[in-house]
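Here is a friendly set of questions and answers for a first visit. Have a look at the structure, and then we can walk through it together.

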Amino acid sequence: MPETPMIAPMIAIDRVNKFYGIYKALSDVSLDIVAGEFFSLLGPSGCGKTTLLRSIAGFDSPSSGDIRIDGQSAIGVPPNLRPTNMVFQSYAIFPHLNVEENVAYGLKRLKLGADEERRRVGAALDQVRLGHLGKRRGHELSGGQRQRVALARALVLRPKVLLLDEPLSALDKKLREEMQVELRSLQKAVGITFVLVTHDQYEALALSDRIAVMFGGRIAQVATPKEIYQRPRTKLVADFLGGMNFLSGRTIGQTGAGLTVETEKFGTLTLAMPEERIEVGARATLGIRPERLRLLWDDERAPHELTGKVVDRAYFGETTHLSVGVEGLEKPLSMIETNTYGADDLPVGADIRLAYDPDAFVLLADDPPVERVQ
Amino acid sequence: MTSGNLRKSRLLPGYVGLYFLFLYLPILLLPVFSFNNAATTTFPLAGFTTRWYVSLWANREMLTAAVNSLVVGLCVSVLSTLLGICAARAITRYRFRGRRAANGLIMAPLFLPEIIVAVSLLMVVLAAGMELSLATVILGQTVFCLPYCMSVLTAGFEGFDRSLEEASLDLGETAFGTFRRVTLPVVAPAILSSLLVAFTISLDEFILAFFLSGTEPTLPVYIWGQLRFAAKLPGVLALGTIMLVLSILLLTIAETVRRRAERRYATRGHAHA
């Protein structure tokens, strides 16, 4: 997926700011979302992702900047005139209407005629596998069914963009995972641009074509799930998406597109130059994912090794999370080991050896401080 | 400990029985004597008759008072519900300075001695140079009914999920269409319930009506006036019975409507949990 799409974007967010009193909810946000893309806005609560989604829907208006949907500026356009539809966090199923009437709600205004309307409602309900529950009322449905009604109600209008505000957060874990699969295949089937807001990093990784990670009203990184996970740009992004061991080092030289960094225990590493240039001689933060550290058993050897001592462990069924203290490092390293070889039997205090791959390190930029407007 | 509980549990049903007897026996006597073929309210009963009910129809004064009560009741229920809708929506929807104070002041007449409210209203009305009429009764009772309407309406509006209105807008409906197709139907049970509660309270409200009604009595004021004449007592009993039945009927409808609406909302809490 290219960083800047060549085709005209479905949604173009152009230097959008949003202030709530002294609080800056969105800070100079620019973003392009391609037609047909499954795009996620990911971040902790209060990071501005919902404000951004509601600005696309028309429920919030930016203090400055422009939002274009399919080439047309949406500033000043009320929600009912935008080619977007939304699935609300609470689903917002109309309690006085049954499932069919809920789905037909938006169609009523289009005056399609009874037959065409019934056909489209039926098709939309079949699409979310609710064809048999058309006469039920909202309070007679389970959480998953309510969510499907909300999906059908929005999709039946064939919007250019479907906006989803934490649609899975109210469901329990098992149902949530089922719905993730369904949401993904539904999006592929209808081909509509989906914009999902979530604070669940695994949900974003599993569903999205691309993800924008947000902190403090700013976009920290926009990339594919794999890139976000493997090449996080900043410390916060790295920390928010799974575990990360942070190390400090000092840049000592530059070779072509690479940067040589001297570290405490991991020797001298040559890393790809990040987007923001780092001066030679500056302090640098590096990260390595816990699963990229590997336990060495018995007399197994690796080109890059460290020795340490298990200081803590937690059993997770298929894996064990280990904290390994290494002499000369400030903080213990976290590791994730599959339990195939018996990592779950390692006692606290055991001496171990671990292997690392020098290519698995990433250079991380500092995050800007959260801004407050006076 | 155990024996104490046992004794308590044996005494409790008896106590509850006595309690209800004390509370409802006098009220039950009302319909009983209203069908009694005698002008005095003494046992033994003299036989069954409906003549007191029939005589009500011929009683022009009573019918005028009944029409007055109906007019006042309708006006009060509509007025206090309208005011209640505005206030309840503001209080449940928006956060503003003085929100709690406003709510407290609206609810205060519920706890103020009614006679004090009546006397002060009378003073204001007279000082303003207004004639005592049904209009003054309507204004006084509206103040008095508003807290009841508010408590019914705020309960109804608090269950109203704002995203329902947003969803309607999002699905292409206009602001007015949203009000007509979503807001109104969803809060309709609370509004209906509020109308019925206000009407019922107005129907048997005496003190304010007595102070503010001038020469146009409402039913309770008319009844009070008739009690001076022993011969009129059976007619009053018949009238009282009709009002009793009407009040119970209206309050039952109001409560049923309110509960049905509440059940509809009960599941939304689940989705959030």
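Q: In which hand does helix 4 of chain A pass helix 5 of chain A?
A: This is a predicted model, in which local features need pLDDT of at least 70, side-chain atom pairs count only at pLDDT 80 or more, and totals for chains, interfaces and linings use all residues. Residues are numbered from 1 along each chain as its sequence is written, while chains are lettered from A and ligands numbered from 1 in the order in which they are written. Helices (H or I, at least four residues) and strands (E, at least two) are DSSP runs, numbered from the N terminus. A crossing is left-handed if the near helix is turned anticlockwise from the far one by less than a right angle, and right-handed if clockwise; for helix 4 and helix 5 of chain A the crossing is right-handed.

Q: How are the directions of helix 4 of chain A and helix 5 of chain A related, roughly parallel or roughly antiparallel?
A: The axes of helix 4 (residues 143-155) and helix 5 (residues 173-190) of chain A come within 11 Å and cross at roughly 15 degrees. Axes are lines fitted to C-alpha atoms, for helices over the stretch in contact, and angles run from 0 to 180 degrees between N-to-C directions. Angles under 35 degrees count as roughly parallel, over 145 as roughly antiparallel, 65 to 115 as roughly perpendicular and the rest as oblique. That makes helix 4 of chain A and helix 5 of chain A roughly parallel.

Q: Which residues of helix 5 of chain A meet helix 4 of chain A?
A: Residues are in contact if their C-beta atoms, placed from the backbone, lie within 7 Å. Helix 4 of chain A brings Gly143(A), Gly144(A), Gln147(A) and Leu155(A), and from helix 5 of chain A come Leu175(A), Met179(A) and Val190(A).

Q: How do helix 6 of chain B and helix 8 of chain B run, roughly parallel or roughly antiparallel?
A: Helix 6 (residues 134-158) of chain B has an axis that comes within 9 Å of that of helix 8 of chain B, and the two cross at roughly 155 degrees. Helix 6 of chain B passes helix 8 of chain B in a right-handed crossing. The two helices of chain B are therefore roughly antiparallel.

Q: Which residue in the turn between strand 12 of chain A and strand 13 of chain A has a positive phi?
A: Strand 12 (residues 258-263) and strand 13 (residues 268-272) of chain A run antiparallel and are joined by five bridges. They form a hairpin with four residues between them, and the turn residue with a positive phi, about 75 degrees, is Gly267(A).

Q: Which element gives the largest share of the side of chain B that touches chain A?
A: Here 21 residues of chain B are in contact with 22 residues of chain A. Helix 7 (162-170), helix 8 (175-203) and helix 11 (233-272) of chain B each give two or more residues to that side of chain B. The largest share, seven residues, comes from helix 11 of chain B.

Methods. Two residues are in contact if their C-beta atoms, placed from the backbone, lie within 7 Å. Two strands pair if DSSP finds at least two bridges between them.
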